Amino acid sequence: MKTIIEPFRIKSVEPIRMTTREERQNLLKDAHYNLFGLHSNDVLIDFLTDSGTGAMSATQWSAVMRGDESYAGSPSFYRFEAAVKNLAPFKHVIPTHQGRAAEAILFSIFGGPGKNIPNNTHFDTTRGNIEASGANGHDLVIAEGHDPANLHPFKGNMDLDKLEAYLVEHGDSVPCVMITITNNAGGGQPVSLANIRATAALARKFGKPFFIDGCRFAENAWFIKEREEGQQDRSIPDIVRDCFSEADGMTMSAKKDAFGNIGGWLALNDDDLAEQARNHLIRTEGFPTYGGLSGRDLEALAQGLTEIVDEDYLRYRIRTNTYIIERLDALGVPVVKPAGGHAVFIDARAWLSHIPPQQYPGQALAVALYELGGIRGCEIGTVMFGAQPDGTEKPAAMDLVRLAIPRRTYTQSHADYLIEVFEELAQIKNSLRGYRITKQPKLMRHFTCQFEKL
Ligand code: F0G
């Protein structure tokens, strides 16, 4: 059959509320044109994030009932730990309430003034935690990763020449090497197994621990199976294990590829680092057998980890994005190609070329999508990445709008509605105007800054 259907049926539903365009215009004004400021029940289709917004399965909900809430030594923890180790065979698994808590712990150990930490592209919370410690983060993704139209199959790959030069230049100030799978900030693009291995080998050559930000490891493994030579006949869990066996540790947001509404972990092989991390965890998150989570959360994640590697699910998951991208492409909307794992990225700088980067074309498009169709996406561009540590601003590498697709939550008719909203937008796009930031915090301004329409 040509049609790849949603490989589930619906047992429980959540109504969504229709609003009028006029209502949305007022809501936008009240939120100072920052979509993070909207109430979610004023949003028709919420593509703000794929993080924690997925639908849990009936089996996950029944596992929730089994949650044991003991402070220390809960069997729920041991089931969670076994499920993580089955895919990511690290010696120590330290549960946290979400991914950024794992990052905060990791960079409380590895960060600090004068330190330099490379990644293919740091996600915003990763960069935030690095910079809050006084260290610097650098993005060394391959050049193809910055070209939205380039069809390279692994646009999340680390630029190995740049990494080697970086390790020579920064020497002892580099505490670890990181890679993010998939490369969220660069369009949800995958990293090949060969590139993970080569990055790990370079880190080893320079004596640096190698960490994977594994948020979307299953989607990344699906791309490896589909696109990398010699991987077609391998199982997803085997590919996942191969990726993680290259690393000395990982950070994880279980709100993505563990089908959780909350959760995360830090995993490590080194005993001393693990002890430091657990001491920090006890101070900030909780006892090491629950971290920042309840026993029932740990159960939901243990079950979720068995479901996320299902090939029927992954095939449908990636097909959803490809479908939307093919339709937008046919409309002449510039999209990041090929389709990424968790989201559709629109090249707002190219589509709204009359709006210069420092008037935030991504923000203009995200606001217009909400005003016209009640759809909430997220600017990933100069608003998110343009602010410099010295208080100035420069254009980000790209100005994208991300429509992140929650897992198992929306259906094909929601996708078709989205395409229709773009058809309407194409008619009026030249009348859209840019924005000016009127108020912003020092770090991670995109969450709370306020805008004025120009
Ligand atoms: N790393 C990556 C690659 C991420 O995408 C995220 C979260 C995190 C770390 C932090 O994890 O949210 O559990 O603390 N990304 C979400 C997103 C928020 O919308 O892309 P967290």
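Before sorting anything, I noted the classes: Ala, Val, Leu, Ile, Met, Phe, Trp, Tyr, Cys and Pro count as nonpolar, Asp, Glu, Lys and Arg as charged, and the others, Gly among them, as polar.

I'm looking at a predicted model, where local features need pLDDT of at least 70, side-chain atom pairs count only at pLDDT 80 or more, and totals for chains, interfaces and linings use all residues. Residues are numbered from 1 along each chain as its sequence is written, and side-chain values use heavy atoms, with hydrogens and water left out.

**Entry 1: the ligand**

I looked up who sits around the ligand and got 17 residues (near means that a heavy atom of the residue lies within 4 Å of the molecule). The closest are Thr-49, Arg-100, Asp-213, Ser-253 and Lys-256. Sorted by class, the shell has two nonpolar, eight polar and seven charged residues.

Which helix gives the most to this shell? I found that it is α4 (residues 99-110), with three residues. Helices here are DSSP runs of H or I with at least four residues, strands are E runs with at least two, and both are numbered from the N terminus.

Next I checked polar contacts (pairs of N or O atoms within 3.5 Å). The side chain of Ser-253 puts an N or O atom 2.6 Å from a ligand oxygen. For Asn-184, again through a side-chain N or O atom, I read 2.8 Å to an oxygen of the ligand. Gly-99 uses a backbone N or O atom instead, 2.8 Å from a ligand oxygen. The ligand on its own has 470 Å² of accessible area, and the protein covers 94% of that (Shrake-Rupley method, 1.4 Å probe).

**Entry 2: helix pairs**

Two packed helices are described by the angle between their axes and the distance between the axes. The axes are lines fitted to C-alpha atoms over the stretch in contact, and angles run from 0 to 180 degrees between N-to-C directions.

I began with α2 (residues 58-65) and α11 (residues 295-307), whose axes are 8 Å apart at an angle of about 150°. That makes α2 and α11 roughly antiparallel (over 145 degrees; under 35 counts as roughly parallel). Their crossing is right-handed, the term for a near helix turned clockwise from the far one by less than a right angle, with anticlockwise being left-handed.

Helix α3 (residues 75-87) also packs with α11, at about 30° and with axes 8 Å apart. So α3 and α11 are roughly parallel, and α3 passes α11 in a left-handed crossing.

Then I took α6 (residues 160-170) and α7 (residues 193-205): their axes come within 11 Å and cross at roughly 15°. They are therefore roughly parallel too, and the crossing is right-handed.

Where does Thr-182 lie? I traced Thr-182 to the loop between β5 (177-180) and α7. The bond from Ile-181 to Thr-182 is a cis peptide, with omega near -20°.

I noted another cis bond between Lys-337 and Pro-338, with omega about -10°. Pro-338 is in the loop between α12 (311-330) and β9 (343-347).

Last one: Phe-259 isn't a glycine, but its phi is positive, near 55°. I found Phe-259 in the loop between β7 (249-253) and β8 (264-268).

How values were computed:
A polar contact is a pair of N or O atoms within 3.5 Å; within protein, one must be able to donate a hydrogen and the other to accept it, and residues adjacent in sequence count only if both atoms are side-chain atoms. Angles under 35 degrees count as roughly parallel, over 145 as roughly antiparallel, 65 to 115 as roughly perpendicular and the rest as oblique.
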